[in-house]
Amino acid sequence: MRGGLPIFPVEADARSVVTDHLFFGLLGLSVAIILLVVSLVVVFSVRYRRGSSAKRGELPEIVSKEFEIGWTVATFFLFLFVFWWVSSSQLSGFKAPANALEIHVVAKQWMWKTQHPSGVREINALHAPTGVPVRLVMTSQDVIHSFYVPAFRMKQDVLPGRYTETWFKANRPGTYPLYCAEYCGTDHSQMLGEVVVMRPADYGRWTAVQPQPNDLAGQGGVLYRSLGCGSCHDAAGPNHNAPSLGGLYGQQVMLSDGRRALVDETFLHQAIVQPDRNAVAGYPATMPSYAKAIDEEGLNALIAYLKSLPAHAGGRS
Amino acid sequence: MSLTTTPGEFPTADPDAKGARPADGAPMQQSFWTDGGQTVWSWLGTVDHKRIAILYAISITAFFFLGGAAAALIRIHLFTPHGLLFSRDTYNKLFTLHGVIMVWFFLVPSIPSTLGNFLLPLMIGARDMAFPKINLLSWYVFVGGALLTVIALLAGGVDTGWTFYPPFSTIYSNSAVTLAAVGVFVVGFSSILTGINFIATIHLLRAPGMKWFRLPLFVWAMYATSMVMILATPVLSTSLLLIIAERLFGMPIFDARIGGDPLLFQHLFWFYSHPAVYIMILPAMGVISEIVTVAARRKVFGYAFMVYAMIAIAVVGFMVWGHHMFVSGMSPYAALVFSFLSFVVAVPSAIKVFNWTATLYRGQITFAAPMMYALGFLGLFTIGGLTGLMLASVPIDVHVTDTYFVVAHFHYIMVGASVSAFFGGLHYWWPKITGRLYPEGWARFAAILMFFGFNFTFFPQFIMGYLGMPRRYAEYPAEFQLYHVMSSTGAMVLAVAYLLPLFYFAYSLRFGEVAPANPWNATGLEWTVPSPPPKHNFDQIPHVENDPYEYHAQGHAPEHGKSIHRGQGDGPVRTPPT
Ligand SMILES: [Cu+2]
Ligand SMILES: [Cu+2]
């Protein structure tokens, strides 16, 4: 791809084919409309240039009104149809399939960090297998960035203080550029990386040779203990006066201000760094903020650990 | 091609309309240029809408060339993948300067505050704006605010982009964001004041017989634009105030670490900035309607639809801001709604393109420079609009948003269309404003050069955008170089095309042939007064008895060979001022 005159980006994901179809459909329509307008303008300009001998009779009022209404309605329905066609083709792609491999992405000025469930970490790179849907759960440590892989026609902003998601299912092994697409300061143009797509077997082999102290949840467990979360949250803890965290993920909880909230990644993230934001009903607000004690990657591990805790380990009271 | 002045070659079957006429001699006397006094203070303290228009014209010309110089430097820098001229920080400050200046200090005020200010009272048969002093105030507010921002941009530099996204702008940027934001905040009041003034003027000061549906489309365009200005600008002001509050006082608004939400800013910002696109394009549509009718010597096709289309654009334009945020993490259902509304808002724009085209049908078309610009507008606006439909489609937008594809798209609309229309209007009304004809050959040459230079610059950006070249990159991967080189080369051509009018307009001011009152033989009240108009516009307030664009009474253009005289079906049938 380097050098020369590339005219079309590689398609390395099933959805990129869909996007390209839509694009070419709209491109064809656009070219047709432009040709129509340009040829009308040219024909009229030549035929009705000043002093030409073309006939110029009256233009009945009715005709102009009917024309007007006609093409307004036609344009409206054409656009409606295009909207329907474009939108229906992507409805299925909103949510990642349930069996997707979950990879965490942390963006910071000016690098990408990725964490695999196996515990493998990478910087400015993401290895992924072909044929397996990969769900990216992303957050930023500072400003807004955007995770952009042109080969997948995929882009998603990465925000501080919350998790955003996107997914892909690569179908062609290769190395594809990863760009930051949201302006983020001095080295925005250097916030580059690559997505390395491998056959599943190769991906397995690659994973096996990476130095892995522990899987992601395991790393989270280490943090859980070193930060002393258990002293309040574990039934056996010395200060036990806090809700049990087992099986919490995916549940609805009552908050002290009467709201109900779904426990997702963003909720857990906020519970740890801004505990007073969504304080849980029925407990004293003694939970300290861990914003300074733990970084985004640590949070990813800790949250992975919390998500791995079975419901019966302590049980919800 | 020599720098000689030839009379305008629009329509004009009327031989008298060409060239100088003794009755119009010495136009620089007894006109608004001289009548209010010749001192500096007579200009800086003027409440004459025409003089204020000139003040605006001078200021925005300065901003246009300042922003343009930044653009030229950016394009030179991007000739090579590692950048030719600047550090990354300097590059980031340059594109911010370019965007801020071009959007707020040039494009938003461009047509309304110059042509609009000058022509609105003339077109509706009034002697001035409803609030002449507020008109002057809005110029001072504009210049004051703009200077603050320009100081910030030039002295310290601002590196946030014109979009000021937090938390970068509020917490992470070490540049002069606060001062720049204060300046833009202040300039917003100028927009609001201008909008209020235009609306009041159109409501209150129309000449007798000037019914709503007899207003020239340019006046309707000013009306729709003013509505958008007064409704949208306060939201921009609010969001800038919030930026300042968070930056200076650490108020928890956009900072997620303390409970704020960075997306809130994007919603507020685009709630203004999408309608702002229409603040920039509606006036252009008004100008094009005037030019196309006079060049074709026809009534505009579907006058009422043209009016409704502009109102529809102004209203629906308020409901589509979310299309700037499809990848920001918004719910996919919200994205669908915004996508749908964005398709809807494209309908009236398409209708306008069809109507301009249909206006040419059975016309007596001539191709003076204003018409060249208008035809260029038509092509570029259509391309800009159609790529807008692609961006309204969520899956395509996900791929190309924040790439050069978007950069190309909005330059087609805001530069290709709006700036072309501005130049077209400037040429069209130049004789009226200055009392001199511009050199036609040079003007056509500049129009053609601008069209090709523009496409040369921005068309490659569509391709490189679809290839994945992100915007706001100080350096870029080598594979995109060929496209960048094309684009930068085109930009050099474009720069020359934009500089040309500066010279031949200046030339025409001194040496141009003296313009008659109605060099184009156009309808419209502004052409019934001398060129340049006297200080009080009309000796007697005219009485309007006709619909606009009555170029021929029966609605058909005259056959070839018939000679047409004014008052006999061709030309304005209005009570002439005496
Ligand atoms: Cu970035
Ligand atoms: Cu928009």
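Predicted model: local features only at pLDDT ≥ 70, side-chain atom pairs only at ≥ 80, totals over all residues.
Residues are numbered from 1 along each chain as its sequence is written, and chains are lettered from A and ligands numbered from 1 in the order in which they are written. Local features need pLDDT of at least 70 and side-chain atom pairs count only at pLDDT 80 or more, while totals for chains, interfaces and linings use all residues; side-chain values use heavy atoms, with hydrogens and water left out.

Q: Which protein residues are the donors of the copper ion (ligand 2)?
A: Donors here are N, O and S atoms within 2.8 Å of the metal (3.2 Å for Na, K and Ca), and water is not among the atoms, so sites may look incomplete. In sequence the donor residues follow the spacing H-x48-H-H. They lie 1.7 to 2.0 Å from the copper ion, and they are His274(B) through ND1, His323(B) through NE2 and His324(B) through NE2.

Q: Is His323(B) buried or exposed?
A: Buried means under 20% relative accessible area, exposed over 50%, and partly exposed in between (1.4 Å probe, protein chains only). His323(B) has a relative accessibility of 15%, so it counts as buried.

Q: Which residues lie nearest the centre of the largest pocket?
A: On a 1 Å grid over the protein atoms alone, a pocket is an open set of points with protein on both sides within 12 Å along at least five of seven lines, a cavity is a set where a 1.4 Å probe fits but cannot get out, and lining residues have an atom within 4 Å of a point. Grid points are joined across faces, edges and corners, and a volume is the space filled by probe spheres set on the points; for the largest pocket that comes to about 1300 Å³. Its lining has 20 nonpolar, 12 polar and 9 charged residues, where Ala, Val, Leu, Ile, Met, Phe, Trp, Tyr, Cys and Pro count as nonpolar, Asp, Glu, Lys and Arg as charged, and the others, Gly among them, as polar. Of the 41 lining residues, those nearest the centre are Phe94(A), Lys95(A), Glu165(A), Thr166(A) and Pro332(B).

Q: Which helices of chain B each supply at least two residues of the lining of the largest pocket?
A: Helices (H or I, at least four residues) and strands (E, at least two) are DSSP runs, numbered from the N terminus. Chain A brings in helix H1 (14-47), strand S7 (154-158), strand S8 (164-168) and helix H6 (265-273). From chain B come helix H12 (332-360) and helix H14 (394-400).

Q: What separates the centres of domain 1 and domain 2 of chain A?
A: Domain bounds come from an automatic or database domain assignment, which gives domain 1 (1-57 + 95-213) and domain 2 (217-308). Contact means heavy atoms within 4.5 Å, and 17 residues of domain 1 are in contact with 12 residues of domain 2. Taken over C-alpha atoms, the centres are separated by 34 Å.

Q: How many of the 9 residues of H6(A) are buried?
A: Among the buried ones are Phe267(A), Leu268(A) and Ile272(A). The buried residues pack against elements of chain A including strand S1 (101-108), strand S5 (134-140) and helix H7 (296-308). H6(A) is largely enclosed by the rest of the structure, because its buried residues number 8.

Q: Which helix gives the largest share of the lining of the largest cavity?
A: The whole structure has 4 cavities of 30 Å³ or more, and the largest holds about 130 Å³. Closest to its centre, out of 17 lining residues, are Val108(B), Pro109(B), Val187(B), Ser190(B) and Ser191(B). The lining has 11 nonpolar, 6 polar and no charged residues. The largest share, 6 residues, comes from H8(B).

Q: What is omega for the cis peptide bond that joins Gln109(A) and Trp110(A)?
A: Most residues other than glycine have a negative phi, and most peptide bonds are trans. Trp110(A) sits in the loop between S1 and strand S2 (111-115) of chain A. For the cis bond from Gln109(A) to Trp110(A), omega is about -5°.

Q: What is the phi of Asn521(B)?
A: Asn521(B) lies in the segment after H17 of chain B. This residue is buried, with a relative accessible area of 1%. Although Asn521(B) is not a glycine, its phi is positive, at about 55°.
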